[in-house]
Amino acid sequence: MDAESLDLLLGTADRWFAAHGSLASRLARFRQGHREEDGAWAAMADLGWLALTLPETQEGFGASMAQALGLLRAAGRDARPEPLGLHLLLAPWWARQRPQHAGALASAQMRLALADLPVRAGLRLAQGHVQGRADLVMGGLYASHVLLPMPDAEGTLLCVDLSGPGVQALPVRLLDGRHGVRLVFEAAPAEEVGVGAAPLVRDLAAAALVADAVGVLEAGFELTLAYLKQRQQFGRPLSDQQALQHRMAEVFCDLQQLIALAGRLAAELDAQPDALPATLPAAKSFVGRRALRAMGQLIQVSGGIGMTEEYRLGHLYKRLQISATLFGDAEHQLQRIDVRRTLLAA
């Protein structure tokens, strides 16, 4: 995909997000939470977004991860409820494992969800059937299949058809208002995708959250900057206060560092799509620490309005909390960083 096509794609995305269940319209009915509109996923398939990262040999557009992360950044800016990031990161990997499913992924006939299972999850696999439950399932509300990274040392990954027997879906709502499901398995048929695949799939989902966090923090920064320029105190805009300028400058630096980390992460995924991205632990822990702290700074300089339900900033903060927590929080990711290897690589 060339630069002109990417610009057209991002322009279309901004207009589509504004016209179909925008964040502003969802906040107007915030008690209902953030739920994707009927037909939204099919519309994304018609726009070609679901085939964006699939290779051209499989009827995709062959976009790089750097280009895909640009779309995810735009989706994060509008806090989209659709699990677009999970799809764009997992679809090319899944198409390499199951080439016959590429067309179904691109046409929205097949949707993948991914469970975030703790180390002590009670899932058990016996004779091709799984027993137990998954409390946190990303993209599970309308998914046709769920991937289960088993908490074992081998990194076993299972795939369960959610329309099959032995699967019960219970509705849940996340902290940021997005709707999801808790899955309960009673001897549900499960297909073993591959041993050792679970860590990579979890890192791909975490990479999608990093890209989303870039858009979320960027939207929060721009919203707060506009507020400080417009809000008057003693006849002068708040943005004239030097203390506030310093705090906004710190947030801007955090945002730029997050953008740089996401760019490096995308480059690694493009170079070695089946390898664990070395930058992922640093980028994901950055979301859980610096980006989250930066968003907290934006709420503080905005005052009480920052936490009202009708204002976007509080919702962006809650979404960032979800991105920081799922698929490895900051402490977990920091423990993965090999300081010696990182310093030598630099």
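How many helices and strands does the chain have? In this predicted model, the chain has 12 helices and 10 strands, where helices (H or I, at least four residues) and strands (E, at least two) are DSSP runs numbered from the N terminus. Residues are numbered from 1 along each chain as its sequence is written, and side-chain values use heavy atoms, with hydrogens and water left out. Because the model is predicted, local features need pLDDT of at least 70 and side-chain atom pairs count only at pLDDT 80 or more, whereas totals for chains, interfaces and linings use all residues.

The C-alpha trace spans about 75 × 50 × 45 Å along its principal axes. Of the 346 residues, 51% count as buried; buried means under 20% relative accessible area, exposed over 50%, and partly exposed in between (1.4 Å probe, protein chains only). The accessible surface comes to about 15900 Å², of which 52% belongs to carbon and sulfur atoms; such areas come from the Shrake-Rupley method with a 1.4 Å probe, and for residues only the protein chains shown count as cover. Among contacts (heavy atoms within 4.5 Å) between residues at least 6 apart in sequence, 72% join residues at least 24 apart.

A nonpolar core is a set of buried Ala, Val, Leu, Ile, Met, Phe, Trp, Tyr and Cys residues joined through side-chain atoms within 4.5 Å. The largest such core has 96 residues, and those with the most contacts inside it are W49, L89, W93, W94 and L258. Helix α7 (residues 198-230) gives the most to this core, with 19 residues. Apart from neighbours within four places in sequence, L89 is in contact with M65, L69, L72, L204, A207, A208 and L269. A second, separate core of 19 residues includes A143, L148, L158 and V160.

Helix α4 (residues 65-77) has 13 residues, which at 1.5 Å a residue should span 18 Å; its end C-alpha atoms are 18 Å apart, in agreement. The expected span is 1.5 Å times one less than the number of residues. The buried residues of α4 are M65, Q67, A68, L69, L71, L72, A74, A75 and G76, and they pack against α1 (3-19), α5 (84-97), α7, α8 (242-271) and α10 (312-325). Just after α4, A79 takes a positive phi of about 50 degrees.

For helix α9 (residues 280-302), 23 residues should span 33 Å, and the end C-alpha atoms are 31 Å apart, which agrees. A kink of about 40 degrees is centred on V287 in α9, the bend at a residue being the angle between axes fitted to the seven residues ending there and the seven starting there. Since 17 of the 23 residues of α9 are buried, this helix is largely enclosed by the rest of the structure. Just after α9, G303 takes a positive phi of about 85 degrees.

Two loop residues were also examined. A278 lies in the loop between α8 and α9 and is exposed, with a relative accessible area of 53%. D240 is found in the loop between β10 (236-237) and α8 and counts as partly exposed, at 38% relative accessibility. D240 and E268 are 28 residues apart in sequence and 41 Å apart in space, C-alpha to C-alpha.
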